[in-house]
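Me: I would like to go through the terms used for this structure and ask what each of them rests on.

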Amino acid sequence: MKFLNRKDDDQNKKEIKIPIEADIEKNLSNIKEILKDCDDVIYREFKIGQEQNHKLSVIFTDGLANKDQVSNFVLESLMQQARLTKPNVDDNKFDLYDLAVKGNIAMTEINEIEDLQEAIDNILIGETVLLLDGYKKAVVIGTRGWPIRGISEPETETVIRGPRDGFVETGKVNTSLIRRRIRDPKLKLKYIQIGKRSKTDIAIMYIEDICNNELLKEVNDRLKSIDIDAIIDSSYIEQLIQDDWISPFPQIENTERPDAVSAALYEGRVAIVVDNTPFALLVPATLDIMLQSSEDYYDRWTVASFIRLIRYIALVLTLILPALYIAITSYHPGMLPTGLALYVAATRMGVPFPAFIEAFMMEITLELLRESGTRIAGPIGTTIGIVGGLVIGQASVEAGIVSPLMVIIVALTTISSFVLPNYSFSSAIRLARFFMMIVAAALGLYGIMLALIILGTHLADLKSFGTPYLSPYSSILDYRQDIEDSYVKYPLKLMKKRPVFLEVKNKVRMRENKKDNQRGEKNDS
């Protein structure tokens, strides 16, 4: 299925508004014509008043609206209680609105609309529309009640210690999970709809007195500039608003965790919650953020710092380890100790392929195993990955296709890639690894250095909503305070200020503790 930006003149024209008429029969005729062959749209027409000469019609979509609410709190109230009353509706039809809406509908969400197209849009998202004879407005009643998946632990971001709830496919549930963690009136939530046909609800969330106004304006401008038929997943939004769509590196963070979104909002970032997907978006995003995990803030600072250093080591191994093997065995064997050089030469004696072909075959094989294990859910997928890797590796060595050292290097590279917490960033590093291998096969260690320079230049030039991608490392002097939460994590007592590179309004997140100050003064004395 392919969705393209609309550029046709006809499609770019603004939708013509259809006003709601006072004649209910004409309104029903127009709606039924537009929703022709939509058998899941239910029309319930009835009359009220002592003479039963005032017509009403309730319209909703089966499966999207809550039938119990429609029956018990809309239809029953109007059809039974309204008939027993004796309002002056025979003389003035506009009293019908006061009778029906203000007195007999026991629902919390009720809005008036004057556009028939807007009424149809509400019907198709699960709301109930009430048409009243003689009234040039329709009443939208909040009755959304489609089935939702139960809240469960995110599968892509598991933690040992921390909250276990994750987002679901219903946007309102996701925003409520965030609101539950931020009980602050300064947390703002604004809804917009994107998609000419899908009309997907997009929630923009930020904390008003923390978030940078320029960042918020940029997010709104980019979202409003999207002109597309449908938004199926948050990845559509991510691809359409990112700074550099050519770069393989993600410039927007995606997460399934409400606690991660809440923490980002407290730092001054902006969250974009998209309906119909369990993945929320966070902007801006940097390389440093991509290497952080929610669990870092739930562990002791010493453990979290050690794990972060492990991630940076894993990043280097994932990126250059196969390329180093190719460069050293093909161009620079003299760099190895004599004993190791002789061992490598002995293990490669029966291998019929150059080091590059050998490494490339093994990397592609591991990628195939990774993909197959991902697509097959449950224990079978895990079995395929483990058994497939062992069997293929052992069989390849015995057949003389690859050397044992190559199997070890590929296995270590694959394990290191799983250490990286962000899947999108890990995929970009995997792609960059193949580029490093190709350049290493052509130019050896000089090629690796050239590739690292190109990669570093690209990352230095990359930005996420105006924020340098290498922040805070791009300017240590300006952002030296941010080192406390980068490749190491300081104790929580010392992390009193928000990141400088985000340029937030309120820079302080924790006040000085008087007891700590008194203890410090005693120690000084």
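This is a predicted model: local features need pLDDT of at least 70, side-chain atom pairs count only at pLDDT 80 or more; totals for chains, interfaces and linings use all residues.

Me: How many helices and strands does the protein chain have?

Reply: The protein chain has 18 helices and twelve strands, where helices (H or I, at least four residues) and strands (E, at least two) are DSSP runs numbered from the N terminus.

Me: Why is helix 11 called roughly antiparallel to helix 13?

Reply: The axes of helix 11 (residues 301–330) and helix 13 (residues 355–375) cross at roughly 160° and come within 9 Å. That angle makes the two helices roughly antiparallel, because angles under 35 degrees count as roughly parallel, over 145 as roughly antiparallel, 65 to 115 as roughly perpendicular and the rest as oblique. The axes themselves are lines fitted to C-alpha atoms, for helices over the stretch in contact, and the angles run from 0 to 180 degrees between N-to-C directions.

Me: Which residues make the contact of helix 11 with helix 13?

Reply: Helix 11 contributes Pro322, Tyr325, Ile326, Thr329 and Ser330, and helix 13 contributes Ala355, Phe356, Glu358, Ala359 and Glu363, contact meaning heavy atoms within 4.5 Å. These residues divide into six nonpolar, two polar and two charged; here Ala, Val, Leu, Ile, Met, Phe, Trp, Tyr, Cys and Pro count as nonpolar, Asp, Glu, Lys and Arg as charged, and the others, Gly among them, as polar.

Me: What makes helix 6 and helix 9 oblique to each other?

Reply: Helix 6 and helix 9 (residues 258–267) pack at an angle of about 55°, with their axes 9 Å apart, and they are therefore oblique to each other. Their contact is made by Leu177, Ile178 and Arg181 of helix 6 and by Pro258, Asp259, Val261, Ser262, Leu265 and Tyr266 of helix 9.

Me: Why is Asn174 called buried?

Reply: Asn174, found in helix 6 (residues 171–181), has a relative accessible area of 1% and is therefore buried, since buried means under 20% relative accessible area, exposed over 50% and partly exposed in between (1.4 Å probe, protein chains only). Leaving aside neighbours within four places in sequence, Asn174 is in contact with Phe167, Val168, Val273 and Thr277.

Me: Is Arg222 buried or exposed, and how do you know?

Reply: Arg222 has a relative accessible area of 16% and so counts as buried. Arg222 lies in helix 7 (residues 213–224) and touches Ile241, Gln242, Asp243 and Phe465, not counting residues up to four places away in sequence.

Me: What makes Gln69 partly exposed?

Reply: The relative accessible area of Gln69 is 24%, so this residue is partly exposed. Gln69 lies in helix 3 (residues 67–84), and its C-alpha atom is separated by 9.3 Å from that of Gly142, 73 residues apart along the chain.

Me: How many disulfides does a search of the whole structure find?

Reply: The search finds zero disulfides, a disulfide being a pair of cysteine sulfur atoms within 2.5 Å. Among the cysteines, Cys211 counts as buried at 2% relative accessibility, whereas Cys38 is partly exposed at 28%.

Technical notes: Residues are numbered from 1 along each chain as its sequence is written. Side-chain values use heavy atoms; hydrogens and water are left out.
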